[in-house]
Amino acid sequence: MTHEATSSLVVAGAVLEHLYRGAAWTEGPVWLAESHRIRFSDIPNDRILEFDAASGSTSVFRRSVGYANGRTLDRSGRVVECSHGRRAVELADRDGTPRTIVDRWENHRFNSPNDVVVASDGAVWFTDPPYGIHSSGREGYPGEPEYEGCFVFRHDPATGTTRPVITDMTHPNGLAFSPDESVLYVADSGRLWIDDGPHHVRRYRVSGAEVGEGEVFAVVEHGVPDGMRVDEHGRLWVAAADGVHVLRPDGTPAGFVPVPEVVGNLCFGGPDGHDLYITASTSLYRIRTTTRSA
Ligand code: MG
């Protein structure tokens, strides 16, 4: 199956490759440079998959993983990932064994950490919507919130301190820093559960650990915004129901990559970093771009 991208952000003639189908809901892709693999989550099936770029095959990396969701790399290339089931952000050892980075704020457990980024100072920033504690048990274990709201948190491993940095969103989801880390973009997927809920990306000024006032940066019309990545030119690549929307730092549209399934997340990868990997519903896709991760 091929779908033509309408954007100069992809290499001329590039087509969307369908690499894998067979998941219930894919999320959390990250490129592992050492093994040339994309590791990603299949949340409802409670497993982590890996796509091997050399062979083109996808296999199960681990099962019964605590409903892993978003993931990223820390500054030393270790995998940091969100666990709905343990309501935690964790460090995955080489074999995938999780170790807790943070699983509570004061005496409250989190709702279900969804997505995570690590800043250049080593601080771990993550979103905490309630999708993993829903009574359906589809993406985690049914549970109750232990604080009022859904915040974005910053955890400083150096001091062990954790504090909410954004408290004015409905259901914060994907997040990404601008290349100089002066701006934090956070997707609000509130409309997923609430008919008139937000379906936009907010932008916050950041200085070190301090976060300023937020504003709406872009509205996603198709579905809700989910995972996001920033490229080397500061453009924001946003997962949505109809594909990946790319926005310049001033908010104007830079391009669009249509995807035939609802997109949950994306990441840059490949040996030179120019391959965009897209987790979308049951599948993993790839398209060759003219840019790379920030
Ligand atoms: Mg997400």
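Me: What makes a stretch of chain count as a strand in this predicted model?
Reply: A strand is a DSSP run of E with at least two residues, numbered from the N terminus. W193 lies in the loop between two such runs, β17 (183–188) and β18 (200–207).

Me: Why is W193 called partly exposed?
Reply: Its relative accessible area is 40%. Buried means under 20% and exposed over 50%, so a value in between is partly exposed.

Me: What makes the nonpolar surface patch that includes W193?
Reply: L192, W193 and I194 make the patch, which covers about 280 Å².

Me: How do you know which residues coordinate the magnesium ion?
Reply: Donors are N, O and S atoms within 2.8 Å of the metal. E27 (OE), N114 (OD1), N173 (OD1) and D226 (OD) sit at 2.2 to 2.7 Å, so they count as donors. Their spacing in sequence is E-x86-N-x58-N-x52-D. N114 lies in the loop between β11 (108–109) and β12 (116–118) and N173 in strand β16 (residues 172–177), so this pair ties together parts 59 residues apart in sequence.

Me: Are N114 and N173 buried or exposed, and why?
Reply: N114 has 3% relative accessibility and N173 has 2%. The limit for buried is under 20%, so both are buried.

Me: Which residues are closest to the centre of the largest pocket?
Reply: The largest pocket holds about 780 Å³ of space. Of its 31 lining residues, T72, R75, R229, S293 and A294 are the closest to the centre. Strands that each supply at least two lining residues include β2 (26–32), β12 and β16.

Technical notes: Residues are numbered from 1 along each chain as its sequence is written. This is a predicted model: local features need pLDDT of at least 70, side-chain atom pairs count only at pLDDT 80 or more; totals for chains, interfaces and linings use all residues. Side-chain values use heavy atoms; hydrogens and water are left out. Patches are made of residues with over 30% relative accessible area and no salt bridge: like charges are joined within 9 Å, nonpolar side chains (Val, Leu, Ile, Met, Phe, Trp, Tyr) within 5 Å. Accessible areas come from the Shrake-Rupley method with a 1.4 Å probe; for residues, only the protein chains shown count as cover. A salt bridge is a side-chain nitrogen of Lys or Arg within 4 Å of a carboxyl oxygen of Asp or Glu. Helices (H or I, at least four residues) and strands (E, at least two) are DSSP runs, numbered from the N terminus. Buried means under 20% relative accessible area, exposed over 50%, partly exposed in between (1.4 Å probe, protein chains only). Donors are N, O and S atoms within 2.8 Å of the metal (3.2 Å for Na, K and Ca); water is not among the atoms, so sites may look incomplete. On a 1 Å grid over the protein atoms alone, a cavity is a set of points where a 1.4 Å probe fits but cannot get out, and a pocket is an open set with protein on both sides within 12 Å along at least five of seven lines; lining residues have an atom within 4 Å of a point. Grid points are joined across faces, edges and corners, and a volume is the space filled by probe spheres set on the points.
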